[in-house]
Amino acid sequence: MMLGRWLRNRFAWPSLRLVSNPSICADCKKCTSNCPMSLDVNAMVQLGKMENSECILCGTCVDNCSKHAIRYSFSSGK
Ligand code: SF4
Ligand code: SF4
């Protein structure tokens, strides 16, 4: 999975990824407390940097964000 992620990013292939909108984040940290990989999702949202090699794209943070500050996107991320 990590090699796939590296290749995808290296060649900017479109793929499923997370994108965030920090401007509408309420800083409730529900995304962080519910992440099964114990990632600091709130910090990722604030930085606008949702790419993390340990993220399994489970969507729990998307489902738990009542502000819709995190969503899936199918894009190259460029
Ligand atoms: S759950 Fe949504 S509103 Fe709450 S901290 Fe995470 S991104 Fe922000
Ligand atoms: S998609 Fe899942 S693993 Fe990735 S940051 Fe969100 S809750 Fe964590």
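Here is the tour, starting with the whole chain and ending at a single residue.

You're looking at a predicted model, where local features need pLDDT of at least 70 and side-chain atom pairs count only at pLDDT 80 or more, while totals for chains, interfaces and linings use all residues. Residues are numbered from 1 along each chain as its sequence is written, and chains are lettered from A and ligands numbered from 1 in the order in which they are written.

**Whole protein.** Switch to cartoon view: there are 4 helices and 2 strands (DSSP runs, H or I of at least four residues for helices, E of at least two for strands, numbered from the N terminus). Along the sequence they go α-β-α-α-α-β. The C-alpha trace spans about 35 × 25 × 20 Å along its principal axes.

**Ligand 1.** Select it next, and you'll find 14 residues around it, the closest being Cys25, Cys28, Cys31, Cys65 and Ala69 (near means a C-beta atom, placed from the backbone, within 6 Å). Helix H2 (30-34) and helix H3 (41-47) each give two or more residues to this shell.

**Ligand 2.** Now jump here: 13 residues surround ligand 2, with Cys35, Cys55, Cys58, Thr60 and Cys61 the closest.

**Ser75.** Last stop! Ser75 sits in strand E2 (residues 70-75). Is Ser75 buried or exposed? Ser75 counts as exposed because it has 12 C-beta neighbours inside 10 Å (buried takes 20 or more, exposed 12 or fewer, partly exposed is in between, with C-beta atoms placed from the backbone). Show Leu18 too: Ser75 and Leu18 are 57 residues apart in sequence, yet 9.6 Å apart in space, C-alpha to C-alpha.
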